[in-house]
Amino acid sequence: MSETERMAISTTLEGVEKPVKTVMFRVFRFNPEKDEKPYYKDYEVPIYRFTTVLDALLYIKYNLDPTLSVRYSCRMGVCGSCGMIINGKERLACKTIVLSLNSNIVTVRPLNNLPVVRDLITDFTPFFDKHKQVKPYIIRDDVEAHYDREFIQSMDELMEFMMITNCIKCGLCYSACPTTATDELFLGPQALAQAYRYTIDTRDSGAKERFEAVDTNHGVWRCHFAGACSAVCPKGVDPAFAIQQLKKLLLYRRKKMEKRAPAHESNKPRELLKKVEYPEGWPEQ
Amino acid sequence: MGVDVMRESTLMWLQYITGLAILVLGAIHFASLTFFQVSNYDQALLYGTVVGRYTNIAWASALELFLALLSYHVFNGFRVILLELRQDGLWTKAVNVTMFLAGLVVLLYGTRTIALFMMGGGA
């Protein structure tokens, strides 16, 4: 084997079998039962081509320091559990490739605007409380709809809020929001975007209830349109846009939205369900 | 600006409207003192010229309108800033009431000044 071939193989294997480099991870540590105040601890982690920040944190946990606490679940950017601040920006640890940060030191700390439970884990209670306040579900009187029917909605109507349905409630927007940082009662970008998403949904008739929740001293009007929420969203949701749209609804279409009749139920059974063959003994649908 | 007298959306709608009106009226006001002024700009600010302007009903009305727009816009804006600084029921109520009263005092005092000058008196 020539030297050139050996070099080629060596280059190919680098990042697969051999680490590309070693990166210093500066990790926020705080155990409220033990520590008086938070501190940063450094760990050296070998980085391969596709090592994510979550991989690196788990490497630290399994090999260097088992006391490190980190929350994660799906490892593929769907569950929204591993949100944290990586090199000063809100990101999902499982979606952030270490080499893409282009830095030999990676600083990792918990999300802003939420109480720290331990190390990188934050308490999402305030976030979800605000999410619940805006009634993030379809509200209509005829809840007892037929199981095999759907409410008629055009593709255009669906596309009006489709983008916002991608929200995974990871809390990155909530952490990045400058208003949330100063006003702890501010509903936050995620809740307000959801308020818009359900209000604009033609199947919904809960605009009045939702408007009461957002049209308050600490509601939608406290958004200064900084746009940080949209800049950090890992799913491409644009909460800043949704909030401005919600303001428009309140100013120009409030009465119309409050009186809007929700979309009707289809008079035809869904085709998909007609094809289902139920097992023997299955209750008659 | 009252305490739960108006919806927040109504207050903010007025905030935007007054902001726009201040911009338009401010531009007209500035233009009246410069481009549309028969005499030069130095004379526009002489005591006699200013008092003379107050006695003109059109000028006095425009100044009163300007005062009303500014009183609302400034104190409601200040209220919004203060509400973001601290969050509790008492603070919210205190800020709302104080800003409403402060706006009212400025409006009334300014109106008094305009009215007195218009009637030939002084502040």
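**Notes on a predicted two-chain model**

1. A loop proline. P66(A) sits in the loop between α2 (53-64) and β3 (83-86) of chain A. The model discussed here is a predicted one, and in it P66(A) is exposed, with a relative accessible area of 61%. For a sense of distance, the C-alpha atom of P66(A) is separated by 16 Å from that of Y40(A), a residue 26 positions apart from it along the chain.

2. Cysteines. How many disulfides are there over all chains? The count comes to zero. For C94(A), the nearest cysteine sulfur belongs to C82(A) and is 3.5 Å away, and C94(A) is in no disulfide; a disulfide would need the two sulfur atoms within 2.5 Å. C94(A) has a relative accessible area of 11% and is therefore buried. C167(A) is likewise in no disulfide, the nearest cysteine sulfur being that of C173(A), 6.3 Å away. With 18% relative accessibility, C167(A) also counts as buried, since the cut-off for that word is under 20%.

3. Salt bridges within chain A. Over all chains, the count of salt bridges comes to 14. One of them pairs R26(A) with D42(A), whose closest N and O atoms are 2.9 Å apart. This pair links distant parts of the chain, as R26(A) belongs to strand β1 (residues 21-29) of chain A and D42(A) to strand β2 (residues 39-47) of chain A, the two residues being 16 residues apart. Both partners fall in the partly exposed class, R26(A) at 30% relative accessibility and D42(A) with a relative accessible area of 38%.

4. A buried pair. R29(A) forms a salt bridge with D119(A), and here the closest N and O atoms are 3.1 Å apart. Because R29(A) lies in strand β1 of chain A while D119(A) lies in the loop between β6 (116-118) and β7 (121-122) of chain A, the pair ties together parts that are 90 residues apart in sequence. Are these two residues buried or exposed? R29(A) is buried, with a relative accessible area of 4%, and D119(A) is buried as well, with a relative accessible area of 1%.

5. Which side chain of chain A meets E8(B) in a salt bridge? The partner is R222(A), at 3.0 Å from N to O. E8(B) lies in helix α1 (residues 8-33) of chain B and R222(A) in the loop between α8 (207-214) and α9 (228-232) of chain A, so this pair joins two chains. E8(B) counts as buried at 4% relative accessibility, and R222(A) is buried with a relative accessible area of 0%. Elsewhere, salt bridges that share partners join R29(A), K41(A), D65(A) and D119(A) into one network.

6. Surface patches. A patch of positive charge on the surface gathers K208(A), K255(A), K259(A) and R7(B). Among these, K255(A) has its place in helix α11 (residues 254-259) of chain A, and at 63% relative accessibility K255(A) counts as exposed. There is also a nonpolar surface patch of about 620 Å², made by F30(B), F35(B), F36(B), Y41(B) and L45(B). Of its members, F30(B) is placed in helix α1 of chain B and is partly exposed, with a relative accessible area of 48%.

7. Backbone angles to check. Most residues other than glycine have a negative phi, which is the reason to look at the following two residues. N113(A) has a phi near 65 degrees, a positive value in a residue other than glycine. The place of N113(A) is in the loop between β5 (105-109) and β6 of chain A, where N113(A) is partly exposed with a relative accessible area of 27%. K169(A), also a residue other than glycine, has a positive phi near 55 degrees. This lysine, K169(A), is found in the loop between α4 (155-159) and α5 (172-176) of chain A, and its relative accessible area of 29% makes K169(A) partly exposed.

Definitions and conventions: Residues numbered from 1 in each chain as written. Chains lettered and ligands numbered in written order. Predicted model: local features only at pLDDT ≥ 70, side-chain atom pairs only at ≥ 80, totals over all residues. Heavy atoms only, no water. Patch = residues over 30% accessible without salt bridge, like charges linked within 9 Å, V, L, I, M, F, W, Y side chains within 5 Å. Areas by Shrake-Rupley, 256 points an atom, 1.4 Å probe, with all protein chains shown as cover. Salt bridge = Lys/Arg side-chain N within 4 Å of Asp/Glu carboxyl O. Lys, Arg positive; Asp, Glu negative; His and termini not counted. Charge placed at Lys NZ, Arg CZ, Asp CG, Glu CD. Helix = DSSP H or I, 4+ residues; strand = E, 2+ residues; numbered from the N terminus. Buried < 20%, exposed > 50% of the residue type's maximum accessible area, 1.4 Å probe, protein only.
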